[in-house]
Amino acid sequence: MQRIRIEMDPHDFVHLDSMQELADWSPESSFQHSSNISNTPLHPRPTATPPTSPSIPKESSIPQLLVCHDYKGGYHPSESSQGRCPFPETAYTAEYIQYISTFVYFSHKRVAIPPAPWINLMHRNGVKVLGTFLIEGDEGSSEMARLLEKGSEGEFLFATQLARISETYGFDGWLMNIESSFPTGGFSPFQLQLFLRELKSATATLVPGSEIIWYDALTILNQVHWQNGLTLLNVPFFAATDGIFTNYGWRESQLHYTALMSHVFSRPSDVYTGIDCFGRGSLGDGGFGVGTALKEICKEGLSAALFAPGWTFENFDGQDFHSIERKFWVGDETSLAEPGPISEYCSIRESGTEHHFYTNFNRGFGKALWLKGERVLGLPWVHLGTQSIVPSFYPQSKDVIKWVYSNKTAYMGAWSLSIFATPPRRPHGDIHPEYSCPLYKLGIRVTRDLILKFTYQLPNDTGETTGLYCDIASGWQTEKEQIKRHIYDIKEATPIEELDGWVTAYTSILGDEEDVAESRIVEVGIFYRPPIATPHTGRRITIDISGVPTRIATFGELLITTLDTGAENQPSNISKVVPSKTTAGKLRLTWNVYPTHGNKAVQTKRDRGMWSKLTKDFAWFFVWKGIHFVGVSHCLEFVVDSEEITDEEWRVDGVTWEGAVFAGP
């Protein structure tokens, strides 16, 4: 993502290959590769949508969906903490995050630490991220002998180490995948239970809300014997952790028994029933047949775990990836028959938090890059950490209004959302139909100072009315809860700024007299009212443009927040960039940020989660050398393959959690 070419750095990824490396690890070692530390805290999704919401969960849907990444062994250039440019290949990305509750980064390493871009992306979308602790094969048995080692005060040394790694790199726990037996005489199921309980407690202390998930392999008999469900041979490990990820070879009878066992503990949603997306013994044979397995899991009220969803990329060598990925998750015109896509069995989760929502529609890759409407890079790039929150809902073929991603121009990033309308034929006269298209499911608390802020482009004025709508539920989660649609005409919003054809405007969410008590925005979308022409006769008739798709608007950003603090109120000051040499002879740029204080509105935003312990009020930074764009950083450093050490040319601009850009010195 830069004009200065950046090669793969040996510290681009962090993983540990043995128990000795795990024993030797210390938080201080993270200073060697701070760009691999996530700067994005987990943005907790709002509480469950009330029963009468327009986007209610299905009566029979998967309680939780875990996704176990396992993409080509893990740790690829496209996952680099600084991104890659140029990057001509199609990259594997994840865009259907609204269905996921937990993301596991899996690799055949002893300790797989998730790359920071994946953590930042998932946390921005409210998804927990787990690393993987893996012992497998014959060589694993010798490693197993050390797992239960204790310190001088009786603590499990490796439980403490794994908890500290989660805290240091900013992710939310572990998948414990043990596929080797303990050496003869060295196994005690009770001691392993105690280890898991201590790991769970230690991680929860350092990372509130963390999860420890046990994989169904090792049994209490010290045998690697996949149970394909919850049985007496693995239930003690389930009892000691936050959940179990079952092996994928189950059939309906085993699934029913698993459900019965889970109800004994009143924990059916903590059983993540495994499905291998490559098939390999899974009911439905994986691929587009995963719905067959999900349908049976739904019947029993259990959660599900998709193993290796990168099938959509790997199985087709990356060809037509985004179409295949869409068919896999939400279906297309060929998905009418059972079993259907994943979305048939999983409910859409709320985007944003209960106080805030922001998106610039960025997809984590592109052919160019724009900053506030100005193209600053004209090369293909990938950086998963820059992916924003993409729409929850997808247009259907019968919809009058459709949105499509556009990379011809963007406001911030590489993508915008172009809106097209194809009005059906309608009678003449005063009939003035309205059409709408949902974009996101939300759960934002409504306050008097809440605003809707957006950046847009409009084509030549043809008389239509275009804008956004918010569905607001009053009497939240009560028997009197009601939903009212509020419509916001783009042309009636208050303009703030116009840059390179992009207009930024805002409007208040509520009118002056409306009640805000127990109200939440539960959905945001686009609305459209076709034009009406008035001929010289004076009689009003509608213009018949049926069947012709017409671009009615393009959106570059969308923000729902409390009243804007204004560009003059910079929340953090950015220091000058200091260049230095790395041990590998590369140029490291470092800087710092210093939060300002005394602004109540800024402090309120910080208290509501728009804050990072590493980068403070900034979500990320643009790195510049003079007038030339260099790259994007999510930490306080950037490494370039250059021998130049100059002081005056380098600078960084900070981008807040709400998309505001503040220039550094």
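Student: What do buried, exposed and partly exposed mean here?

Tutor: Buried is under 20% relative accessible area, exposed is over 50%, and partly exposed lies in between, using a 1.4 Å probe and protein chains only. This is a predicted model, where local features need pLDDT of at least 70, side-chain atom pairs count only at pLDDT 80 or more, and totals for chains, interfaces and linings use all residues. Residues are numbered from 1 along each chain as its sequence is written, and side-chain values use heavy atoms, with hydrogens and water left out. Of the 665 residues of the protein, 59% count as buried.

Student: How many helices and strands does the protein have?

Tutor: Take DSSP runs: helices are H or I with at least four residues, strands are E with at least two, numbered from the N terminus. The protein has eleven helices and 37 strands.

Student: Which residues have the most contacts inside the largest nonpolar core?

Tutor: In soluble globular proteins, nonpolar side chains tend to be buried together. A nonpolar core is a set of buried Ala, Val, Leu, Ile, Met, Phe, Trp, Tyr and Cys residues joined through side-chain atoms within 4.5 Å. The largest one has 154 residues, and Phe 195 and Trp 329 have the most contacts inside it. A contact means heavy atoms within 4.5 Å. Beyond neighbours within four places in sequence, Trp 329 touches residues including Leu 65, Tyr 96, Leu 306 and Pro 341.

Student: How many salt bridges does the structure hold?

Tutor: Side chains of opposite charge can pair when their charged atoms come close. The rule asks for a side-chain nitrogen of Lys or Arg within 4 Å of a carboxyl oxygen of Asp or Glu. The structure holds 18. One of them joins Glu 95 to Arg 363, with the closest N and O atoms 2.9 Å apart. That pair links distant parts of the chain, 268 residues apart. Both Glu 95 and Arg 363 are buried.

Student: Are Glu 149 and Arg 146 buried or partly exposed?

Tutor: Glu 149 is partly exposed because its relative accessibility is 27%. Arg 146 is partly exposed too, at 22%. Their salt bridge has its closest N and O atoms 2.8 Å apart. There is also a network of salt bridges linking Glu 354, Arg 445 and Arg 520.
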